[in-house]
Amino acid sequence: MSIEIANESGVAVDTDAVLAVARHALDEMGVNPLAELSVLLVDVDYMTELNHRWMGGDGPTDVLAFPMDEGSVDHGPGEVSGSEPALLGDIVLCPEVAAKQAATAGHTAADELHLLTVHGVLHLLGYDHAEPDEEREMFELQSRLLAGWRAARAR
């Protein structure tokens, strides 16, 4: 699994842990091991610009996911995979927004970034939370993936 990460946020982040949780989520979801993912950590100003340009939102957001063509994603062993790697897309995280949300939620900024990374991975794999049923499915899966990753780290 090829995962590129770039921290352009100006905030110290344990990028190894972000990579590890992304890899765990992709592995657990049965994504083609040749898949490629990019993770970019940005500052508030750049996230505000991206949120406005791509989502029509005001102000910064915590995570944005930019999937590549969904036809190129290998969703698991049920699909025949070619030798070409699947280009999953890009996840953009904003550590400053994550830190504020973490304080409100009562956990660490690192925990929030891990949650947002899994959230972004699930969006790249086609999950959404626009409807109540979709939200329940996505958030339950997100919680399960995070719990599995934390349990594996604790060993």
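Trainee: Two strands count as paired if DSSP finds at least two bridges between them. With that in hand, which residue stands opposite Leu93 in E4?

Mentor: Leu41 stands opposite Leu93 in E4. One caution before we go on: this is a predicted model.

Trainee: What holds paired strands together in general?

Mentor: Strands of a sheet pair through backbone hydrogen bonds, either parallel or antiparallel.

Trainee: OK, zoom out. What's the strand order in the sheet?

Mentor: E1-E2-E4-E3, in an open sheet of four strands with mixed pairing. The edges are E1 (2-7) and E3 (63-67), each of which pairs on one side only. Ignoring direction, neighbouring strands of this sheet are turned by 15° against each other on average.

Trainee: Which helices pack on that sheet?

Mentor: H2 is one, covering residues 44-55, and H2 touches E2, E3 and E4. The direction of H2 makes about 50° with that of E3. H4, residues 109-124, also packs on the sheet and touches E2, E3 and E4. For H4, the angle is about 145° with the direction of E4.

Trainee: New topic, helix on helix. At what angle do H1 and H5 pack?

Mentor: About 120°, with the axes 10 Å apart; H1 is residues 15-28 and H5 is residues 132-154. That angle makes H1 oblique to H5. Their crossing is right-handed.

Trainee: Who's in that contact?

Mentor: From H1 you get Ala17, Ala20, Val21, His24, Ala25 and Glu28. They meet Leu145, Leu146, Gly148, Trp149 and Arg153 of H5. By class, the contact has seven nonpolar, two polar and two charged residues.

Trainee: And H3 with H4, how far apart are their axes?

Mentor: 8 Å, with an angle of about 115° between H4 and H3, which spans residues 95-105. H3 and H4 are therefore roughly perpendicular to each other. Their crossing is right-handed.

Trainee: Why "perpendicular" there but "oblique" for the other pair?

Mentor: Because 65 to 115 degrees counts as roughly perpendicular, and the pair H1 and H5 packs at about 120°.

Trainee: Last one: which residues of H3 meet H4?

Mentor: Pro95, Ala98, Ala99, Gln101 and Ala102. Across from them in H4 are Ala109, Glu112, Leu113 and Leu116. Sorted by class, the H3 with H4 contact has seven nonpolar, one polar and one charged residue.

Methods
Residues numbered from 1 in each chain as written. Predicted model: local features only at pLDDT ≥ 70, side-chain atom pairs only at ≥ 80, totals over all residues. Heavy atoms only, no water. Helix = DSSP H or I, 4+ residues; strand = E, 2+ residues; numbered from the N terminus. Axes fitted to C-alpha atoms, helices over the stretch in contact; angles between N-to-C directions. Contact = heavy atoms within 4.5 Å. Parallel < 35°, antiparallel > 145°, perpendicular 65-115°, else oblique. Left-handed = near helix turned anticlockwise from the far one by under 90°. Nonpolar A, V, L, I, M, F, W, Y, C, P; charged D, E, K, R; others polar.
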